Amino acid sequence: GTGLLAMMAVRGGAARVTTCEMVPAIADVAAQIIKQNGCSDKVNVHTCRSDELTAEQLQERAQILVCEIVDDVLIGDGVLHAIRDARRRLLTPEAHIIPRGGTFYLFPVEFRAFPGDTNLDLGPLNVFRCSQLLCSRPTFSGKFQRYNGRDYRVLGQPVRVTEYDWARDPLETMTEPRSIDIKLKFTRSGTFNACVMFFFLNLDDDQANRYSTGLDNPATHWDMPVRFLPVELKVHKGDSIKTTVKMSDNDCDQILLRQVPPEMISSVGLHQLLASPVAKKLVVVIEPTQAYFADPSRRHGAVSEQDDHEA
């Protein structure tokens with residue numbers, strides 16, 4: 001990517017390009033390809049990270065930054081720290097940054113074990129999708145655009161979570177965690193057991209120059225990240241759930257579903273987690289209303305401090 005972007009910049013009219021690649025073997029190949037394409041007189045390849053690059057190596061501050069350190073959750077490859085460092089040390093104040101930033105979305109889905117054309121009852125398998133403590137990093141991602149229409153059901157419209165403007169966001173707060181309150185609104189009845197995420201990559205200020213990683217773009221190479229609920233929820237068209245999304249400097253750390261009424265909580269899942277301190281550590285947290293805890297028949301067993309520690 002480093003070599004290709006550098007040559008594209010030259011072909012776009014750049015007088016001088018400085019490019020960096022931290023993997024020596026890839027940097028060597030990039031330099032060879034750049035030379036073969038007659039661009040070596042305008043492109044300098046440095047084998048280092050961008051935060052190891054010095055202003056002296058650039059000779060002068062750059063007017064344009066082109067980068068592609070974007071992963072499935074938009075910020076997971078350290079793009080916030082890299083661009084903040086570049087703005088501080090390597091770029092002119094008015095420098096253009098491509099892409100300019102991105103807008104992060106999520107929506108609720110029913111994504112359960114499906115028997116296909118068989119008569120097998122796969123219902124009990126769905127508890128494994130709730131078992132977030134069984135994995136060191138209880139996440140999943142996939143290209144939902146290419147899934148069979150029976151594999152999942154969208155239960156609500158995408159909700160805008162937050163937007164990143166890498167050229168204008170204040171340097172002092174650019175990498176700070178964000179906590180965003182949204183509301184999931186259900187436009188379809190079903191079993192809510194997962195949140196799916198995607199983003200629009202904003203190439204510049206023009207809304208026409210946006211690249212979607214969502215369901216509307218089957219050609220995207222990015223996956224759509226999924227966060228499973230610890231307990232499945234039964235929702236109806238018109239229902240809504242107050243939700244808090246917590247973003248760190250490199251991930252969507254937690255989705256908190258607040259004030260969930262007891263009638264939504266199904267029989268499938270790890271109900272003991274809802275009454276356990278360990279629940280606060282999950283990537284998706286369900287906070288039932290007090291009515292759930294007031295009715296012992298709904299609690300499906302609590303977890304003691306010792307059990308919680310062992311878990």
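Let me begin with a question: is Leu74 buried or exposed? Leu74 counts as buried, because its relative accessibility is 0%. You'll find Leu74 in the loop between strand 3 and helix 4. And there's something else about Leu74: its phi is near 80°, a positive value in a residue that isn't glycine. To put that in context, most residues other than glycine have a negative phi, and most peptide bonds are trans.

Before I go on, please keep in mind that this is a predicted model. The chain averages a pLDDT of 89, and 89% of the residues score at least 70. The part to be careful with is residues 301–311, where pLDDT stays under 50 and the model has eleven contacts beyond four places in sequence. Where pLDDT is low, the predicted coordinates should not be read in detail.

Okay, the overall picture. The chain has eight helices and 16 strands. Of its 311 residues, 45% are buried. Take the contacts between residues at least 6 apart in sequence: 80% of them join residues at least 24 apart.

Gln59 sits in the loop between helix 3 (55–58) and strand 3, and with a relative accessible area of 58% Gln59 is exposed. Then there's a cis peptide bond, from Ile98 to Pro99, with omega near -5°. Pro99 is in the loop between strand 4 and strand 5.

Now let's go inside. The largest nonpolar core has 54 residues, and the ones touching the most other members are Leu106, Trp166, Leu184, Phe192, Leu233 and Leu257. Strand 10 gives this core its largest share, five residues. There's another core apart from that one, with 13 residues, including Phe107, Phe198, Met224 and Val226.

What does Trp166 touch, leaving out residues up to four places away in sequence? Among its contacts are Leu74, the residue we started with, as well as Val79, Leu80 and Ile83, plus Pro99.

Val79, Leu80 and Ile83 take us to helix 4 (residues 79–89), where they are buried along with Ala82, Arg84, Asp85 and Ala86. What covers the buried residues of this helix? The cover includes strand 3 (62–66), strand 4 (91–98) and strand 8 (159–165).

Next, the aromatics. The model has 16 aromatic pairs. The rings of Tyr105 and Phe198 are stacked, because their centres are 5.2 Å apart and their planes are at 10°. Tyr105 is in strand 5 (residues 101–110) and Phe198 in strand 10, so this pair ties together parts that are 93 residues apart in sequence. Both Tyr105 and Phe198 are buried.

Phe111 and Tyr147 are stacked too, at 6.1 Å centre to centre and 15° between the planes. They're 36 residues apart: Phe111 is in the loop between strand 5 and helix 5 (126–130), and Tyr147 is in the loop between strand 6 (140–142) and strand 7 (153–154). Phe111 is buried at 7% relative accessibility, while Tyr147, at 26%, counts as partly exposed. Both belong to one aromatic cluster, together with Phe140, Phe144, Tyr152 and Phe228.

Let me show you a polar residue as well. Asn202 is in strand 10 (residues 190–202), and its relative accessible area of 5% makes it buried. The side chain of Asn202 makes a polar contact with the side chain of Thr103, at 3.3 Å. Beyond its neighbours within four places in sequence, Asn202 is in contact with Pro99 and Glu163, among others.

How many disulfides are there in the whole structure? The search finds zero. Take Cys67: the nearest cysteine sulfur, that of Cys20, is 9.9 Å away. Cys67 is buried, with a relative accessible area of 13%, and Cys39 is buried as well, at 5%.

One last stop, His236. His236 is in the loop between strand 12 (224–235) and strand 13 (240–247). Setting aside residues up to four places away in sequence, His236 touches Phe186, Arg188 and Ser189.

Key:
Residues numbered from 1 in each chain as written. Heavy atoms only, no water. Helix = DSSP H or I, 4+ residues; strand = E, 2+ residues; numbered from the N terminus. Buried < 20%, exposed > 50% of the residue type's maximum accessible area, 1.4 Å probe, protein only. Polar contact = N/O pair within 3.5 Å; in protein donor to acceptor, adjacent residues only side chain to side chain. Contact = heavy atoms within 4.5 Å. pLDDT = per-residue confidence, 0-100. Disulfide = S-S within 2.5 Å. Core = buried A, V, L, I, M, F, W, Y, C linked by side-chain atoms within 4.5 Å. Phe/Tyr/Trp six-rings, centres within 6.5 Å; stacked < 30°, edge-to-face > 60°.
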